[in-house]
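Good morning, and thank you for coming.

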Amino acid sequence: MNKKPRLPWLLPMFPTIRRPNMTQFSPLVGVRMTGSGAATPERILTNDQLAQMVETNDDWIRSRTGIRERRLVSNSRESVASLATLAAQRAIAQAGITAEDLDLIILATSTTDDLFGTATQVQARLGAQRAVAFDLVAACSGFVFGLVTASQYIHTGAFRNVLLIGADVLSRWVDWGDRRTCILFGDGAGAVVLQAGDRNQILGWELRSDGQGHGLLNIAYSTEQQRFEPITMNGQEVYRFAVRCVPDVIAKALHRAEHAIGEVDWLILHQANQRIIDAVVDRLHLPPERAISNMATYGNTSAASIPIALAEWVDSGKILPGHLIVASGFGAGLSWGAVVWRWG
Ligand code: UT7
């Protein structure tokens with residue numbers, strides 16, 4: 001039997017559904033970011049301690065990266081799930097909701113505790129019984145990709161309360177004998193709560209991928225060894241890619257948000273290298289004091305670096321409700337992107 005399609009019948013009643021060019025700028029439901037939180041391991045590894053493990057020194061690491069120390073998981077209780085849960089609890093408390101209110105949990109991580117995913121462990125630890133939970137893998141761009149993904153679920157009206165976590169434990173995947181990479185990374189987690197609201201505060205974004213650069217930064221599975229290899233990276237190429245592509249993607253996201261760079265209160269770049277932050281700030285002609293930097297204390301925490309920095313600046317009262325923030329993540333994939341939003 002030939003059934004007539006029912007949707008066209010309904011469309012005149014819901015004009016917004018018909019809009020063929022519906023973009024990120026005309027969402028059905030607004031999104032607000034209402035809470036943030038961070039968690040980092042207790043153990044600190046300083047540059048001087050690293051210099052006892054590989055041929056390096058504090059001066060080289062500081063001048064080439066801006067990193068002084070990093071925090072690493074050090075016992076069986078600390079994991080992606082434990083750090084993610086702690087950061088999430090802080091974000092949920094700041095948002096003034098409870099775990100039972102959550103509809104969705106997205107965990108951005110590339111260093112999962114379990115290849116089948118870690119998000120459901122976090123859901124169970126939080127007691128977020130109603131929430132559906134899944135992992136999202138986009139390396140150091142994970143938080144930015146996750147923020148755009150989470151926002152879509154709210155914009156469409158599918159969910160009202162979403163928890164987004166960026167958490168990584170790259171210390172498990174570092175070759176601690178390779179001085180080109182082991183000096184860079186640290187472990188940690190950061191989280192935000194996103195909620196449906198009358199006014200939309202997620203104002204513009206731009207996401208990019210380029211698989212041609214896939215070989216520049218990897219934790220690859222070796223079929224010969226039948227296990228994953230430690231991190232390998234072409235540092236100079238990744239550096240060049242970041243300095244070339246990040247200003248461009250930020251400019252595009254700002255354009256979509258209909259804001260100028262001069263209106264930005266805070267720039268939160270993925271905390272990979274202070275020299276990258278300085279170069280991007282320079283290219284954007286942004287006053288340097290508006291660029292958030294905490295990599296001296298944490299190193300590169302991958303998907304966690306942006307939300308950890310956000311939470312620290314919110315908790316210290318520097319980021320205030322209404323402030324305009326632009327964040328940009330970049331890294332393996334290659335992947336990169338930027339999001340513009342107003343806090344609170
Ligand atoms: O989150 C993912 C994104 N990742 C990134 O953004 C990383 C981007 N890249 C970087 O941050 C930089 O490329 C690094 C910090 C990784 C390296 O800095 P660089 O200025 O590009 O150094 P380089 O690789 O050109 O090495 C310069 C020299 C070399 O010695 P020679 O060949 O000139 O004799 C290296 O062997 O520095 C040497 N070197 C070190 N020396 C002391 C490399 N690593 C070290 C070290 N300590 N840890």
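The shell around the ligand draws residues from both domain 1 (30–197) and domain 2 (203–342), so the ligand lies between them; the domain bounds come from an automatic or database domain assignment. This is a predicted model, in which local features need pLDDT of at least 70, side-chain atom pairs count only at pLDDT 80 or more, and totals for chains, interfaces and linings use all residues. Residues are numbered from 1 along each chain as its sequence is written, and side-chain values use heavy atoms, with hydrogens and water left out.

Let us turn to the shell. Around the ligand there are 22 residues, of which Thr56, Arg64, Gln236, Asn273 and Asn300 come nearest; a residue belongs here if one of its heavy atoms lies within 4 Å of the ligand.

Next, the polar contacts, meaning pairs of N or O atoms within 3.5 Å. A backbone N or O atom of Gly235 lies 3.0 Å from a ligand nitrogen atom. The protein buries 75% of the 960 Å² that the ligand exposes when taken alone, by the Shrake-Rupley method with a 1.4 Å probe.

A disulfide requires two cysteine sulfur atoms within 2.5 Å, and the count comes to 0 disulfides.

Definitions and conventions: A polar contact is a pair of N or O atoms within 3.5 Å; within protein, one must be able to donate a hydrogen and the other to accept it, and residues adjacent in sequence count only if both atoms are side-chain atoms.
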